[in-house]
Amino acid sequence: NKLRPEEGDAALAAVRPEPTNPSDVFVVEPAIVEFNDFDIGAVYEVQVSIRNKTNISRRLRLLPPPSSYFSVTELVFPHQHGMLAPGLKCNFTVRFSPDSLADYEDALTVLAESFKFTVELAARRPPPCLT
């Protein structure tokens, strides 16, 4: 009773399904990228890391946020470009350039091989103190 290759693949997937919850696969630090107490015209940066929690290498790609206020650098991998080995981190930088003192919200998308997830971006100044 031999399995054909495609049946074997399906049987293996049934025994060990691919994780679909991003938090089961990756740790993003910080989980939400926040900028506080900013000034108009300045550029602010936050370093973000993504760690692979699984025991297999993962391919990752970033899609930049839609707004022009936030931008991201390319992912920097410790080894082979585009592949994140088990237990290792890749890094990127989020830049924020405000043109007003308003609150800003956006998100960037991380594409993995079998799913995608978002990282929230926010910029909020403390409210003014009324006396």
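Reply: Let us begin with a term. Two strands pair if DSSP finds at least two bridges between them. Helices (H or I, at least four residues) and strands (E, at least two) are themselves DSSP runs, numbered from the N terminus. In this structure, Ile50 has Cys90 in strand 8 as its bridge partner. Please note that this is a predicted model, in which local features need pLDDT of at least 70 and side-chain atom pairs count only at pLDDT 80 or more, while totals for chains, interfaces and linings use all residues. Residues are numbered from 1 along each chain as its sequence is written, and side-chain values use heavy atoms, with hydrogens and water left out.

Me: How many helices and strands does the protein have, and what pattern do they follow along the sequence?

Reply: The protein has 2 helices and 10 strands. Read along the sequence, the pattern is α-α-β-β-β-β-β-β-β-β-β-β.

Me: Which strands pair with strand 8, and in what sense?

Reply: Strand 3 (residues 44-52) pairs with strand 8 (residues 89-96) in the antiparallel sense over 8 bridges. Strand 6 (residues 70-72) also runs antiparallel to strand 8, joined to it by 3 bridges. Within strand 8, Val94 stands opposite Val72, and Phe96 is the bridge partner of Phe70.

Me: What is the order of the open sheet with antiparallel pairing?

Reply: That open sheet has 4 strands in the order 1-3-8-6. Strand 1 (26-29) and strand 6 stand at its edges with a single partner strand each, so one side of each is left without a neighbour in the sheet. The twist averages 25° from one strand to the next; for such angles, axes are lines fitted to C-alpha atoms, for helices over the stretch in contact, and angles run from 0 to 180 degrees between N-to-C directions.

Me: What is the order of the open sheet in which the pairing is mixed?

Reply: Its 4 strands follow the order 2-10-9-5. Strand 2 (32-36) and strand 5 (61-63) are the edge strands, each pairing on one side only. Here the twist averages 20° from one strand to the next. Strand 2 runs parallel to strand 10 (residues 116-124), and 5 bridges join them. Along these two strands, Val33 stands opposite Leu121 and Glu34 opposite Ala122.

Me: How many disulfides does the structure hold?

Reply: A disulfide is a covalent bond between the sulfur atoms of two cysteines. The cut-off used here is a pair of cysteine sulfur atoms within 2.5 Å, and the structure holds 0 disulfides. Cys90 counts as buried because its relative accessibility is 0%, while Cys129 counts as exposed because its value is 75%.

Me: Which residues does Ser49 touch, apart from those up to four places away in sequence?

Reply: Contact means heavy atoms within 4.5 Å. Ser49, which lies in strand 3, touches Val27, Val28, Glu29, Lys89, Cys90 and Asn91, not counting residues up to four places away in sequence. Ser49 counts as buried because its relative accessibility is 8%. Its C-alpha atom is separated by 9.8 Å from that of Leu88, 39 residues apart along the chain. For the protein, residues 24 or more positions apart account for 65% of the contacts with a separation of 6 or more.

Me: Is Tyr104 buried or exposed?

Reply: Tyr104 is buried, because its relative accessible area is 8%. Tyr104 lies in strand 9 (residues 104-111). Not counting residues up to four places away in sequence, Tyr104 touches several residues, including Phe38, Tyr69, Phe70, Phe96 and Leu121. Tyr104 and Phe35 are 69 residues apart in sequence and 9.3 Å apart in space, C-alpha to C-alpha.

Note on methods: Buried < 20%, exposed > 50% of the residue type's maximum accessible area, 1.4 Å probe, protein only.
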